[in-house]
Amino acid sequence: MAAADFLETPLLDAEGRNILQKISEQGGYAYVGMSSLAASGDLRASEAAREMAWEQLHSGPWHSVLPIWRDAYSMACLNVAKLHYANGDFKEALRVLDMGLIMGGMTLRKDLDAAVEKVSAKATALKVSEDGTEGVAKAQNHVVPEKFNEAEVFQALPMRSLSCKTVGKQSALSLEGFLHDYFLSGSPVIISDCMAHWPAMTRWNDIDYLKRVAGFRTVPVEVGKNYLCSEWKQELITFSQFLERIQSSDTSSGPTYLAQHPLFDQIHELRKDILIPDYCFAGGGELRSINAWFGPAGTVTPLHHDPHHNILAQVVGKKYIRLYNASLSEELYPHTESMLSNSSQVDLDNIDVSEFPEIQNLEFMDCILEEGEMLYIPPKWWHYVRSLTPSFSVSFWWSDTATSPLS
């Protein structure tokens, strides 16, 4: 590596002293001392500073953590990554930078993004050099197998599935038609023939493409049936490891799900593969979030509702989705705890009719969402989602009043 080849951190250079001053004011003297040693090239001190910031991030509920400690974590991650990069350990540098993006603050975000871009290029070039695969044509390794047992998959659906009213489908629905017929009335609709121009439609079913652009990246995943189950947990793994779990037949610990994560803020190469649907600007509001929902067949998001308008775009695979009108909230037995008040106590996969007798007679709409289709879910509508195959979806949340920019 050339002597001048190092990770540039202009924001850290400009803001570092100010960040350390604020940390000192919060009593973080040990962190400040270790950071001074880290800046002089001491890897052990760099790791110690990162560990100190990590402990502060986990000292209580996330909302109670002082923002300066999030910036401190970003700073420490940059210092550690710079040293790993200088030593030629690009994978470890990238892992640390991803941790900074996932857990750190926004002050040093541009430094983290620029460093990720530079380190990713180095790691990819090194892998190509080691594998000797550049320019070699290979058979495509698909995320979703070309054949699957449809009858077996449909047997796993909740009671009464596909027996009531199905969600209507419109081909290439105009923005005016969407606004007039669905948005203003708060009615769900499937929109087909509106995603063919997305690069993701031809790229994301290719395991090799995904590993090439994102394989080294570290992502947060959920492991277990769903977030309401006691055995549910979260892990940090590389995207390549995640893809391997999707393809694995070992389900002993439950499915691994990359759920409701702002993946596209973290991995810009994947963000370039999707486009924000025009429908998300209906009502003159603001886009709130774009989230990834990637997982194997059998992944379930339990019955819940969200506060915003939602377009769920199905890029790879199929999903079963059941919808209950927002007016039925009381009959759907929401949890009483405030943290889970948007989730139902009813497990649609195993309904206890003695405890929840009303659920059997409630009207609902449902559908199979196919590749290349979008589903509009109005605010507060309850929905249950099950992946019928390995599935990659993207959700776009927006408000109908201009109150908040995309976070």
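Biologist: Which residue does the side chain of Asp 273 meet in a salt bridge?
Modeller: In this predicted model, the distance from N to O in the salt bridge of Asp 273 is 2.5 Å. The pair links distant parts of the chain, with Asp 273 in the loop between helix 13 (268–271) and strand 7 (287–295) and its partner in helix 9 (residues 200–203), 70 residues apart. That partner is Arg 203.

Biologist: Is Asp 273 buried or exposed?
Modeller: The cut-off for a buried residue is a relative accessible area under 20%. Asp 273 has a relative accessibility of 0%, so Asp 273 counts as buried.

Biologist: What is the relative accessible area of Arg 203?
Modeller: A residue is called partly exposed when its value lies between the buried limit of 20% and the exposed limit of 50%. Arg 203 is placed in this partly exposed class, because its relative accessible area is 36%.

Biologist: Which residue meets Asp 98 in a salt bridge, and which parts does the pair tie together?
Modeller: The side chains of Asp 98 and Arg 217 come together in a salt bridge at 2.6 Å, N to O. Asp 98 belongs to helix 5 (residues 90–103), whereas Arg 217 sits in the loop between helix 10 (207–214) and strand 4 (218–223), so the pair ties together parts that are 119 residues apart in sequence. The partner asked for is Arg 217, and the parts are helix 5 and the loop between helix 10 and strand 4.

Biologist: Where does the partner of Arg 245 in its salt bridge lie?
Modeller: The side chain of Arg 245 meets that of Glu 235 in a salt bridge of 2.9 Å, N to O. Arg 245 is found in helix 11 (residues 239–247), 10 residues apart from Glu 235. Arg 245 is partly exposed at 31%, and Glu 235 is partly exposed at 22%. The place of Glu 235 is strand 5 (residues 233–238).

Biologist: How many salt bridges does the structure hold?
Modeller: Beyond the pairs discussed above, there is also a network of salt bridges that links Asp 5, Lys 118 and Lys 122. The total for the structure is 13.

Biologist: Which side chain of opposite charge is nearest to Glu 222?
Modeller: Glu 222 is found in strand 4, and it is buried yet has no salt bridge. Leaving aside neighbours within four places in sequence, Glu 222 is in contact with residues including Trp 232, Lys 233, Pro 255 and Tyr 257. For a salt bridge the nitrogen must be within 4 Å of a carboxyl oxygen, whereas the nearest side chain of opposite charge is 11 Å away, and it belongs to Lys 319.

Biologist: What radius of gyration does the protein chain have?
Modeller: The C-alpha trace spans about 70 × 55 × 45 Å along its principal axes, and the secondary structure of the chain comes to 13 helices and 14 strands. A compact globule of 407 residues would have a radius of gyration near 22 Å, which agrees with the value for the protein chain, 23 Å.

Biologist: What share of the residues of the protein chain count as buried?
Modeller: The protein chain exposes about 19500 Å², of which carbon and sulfur atoms supply 51%. Among contacts with a separation of 6 or more, 80% come from residues 24 or more positions apart. Of the 407 residues, the share that count as buried is 49%.

Terms used: Residues numbered from 1 in each chain as written. Heavy atoms only, no water. Helix = DSSP H or I, 4+ residues; strand = E, 2+ residues; numbered from the N terminus. Rg over C-alpha atoms; globule rule 2.2 N^0.38 Å. Buried < 20%, exposed > 50% of the residue type's maximum accessible area, 1.4 Å probe, protein only. Contact = heavy atoms within 4.5 Å. Areas by Shrake-Rupley, 256 points an atom, 1.4 Å probe, with all protein chains shown as cover. Lys, Arg positive; Asp, Glu negative; His and termini not counted.
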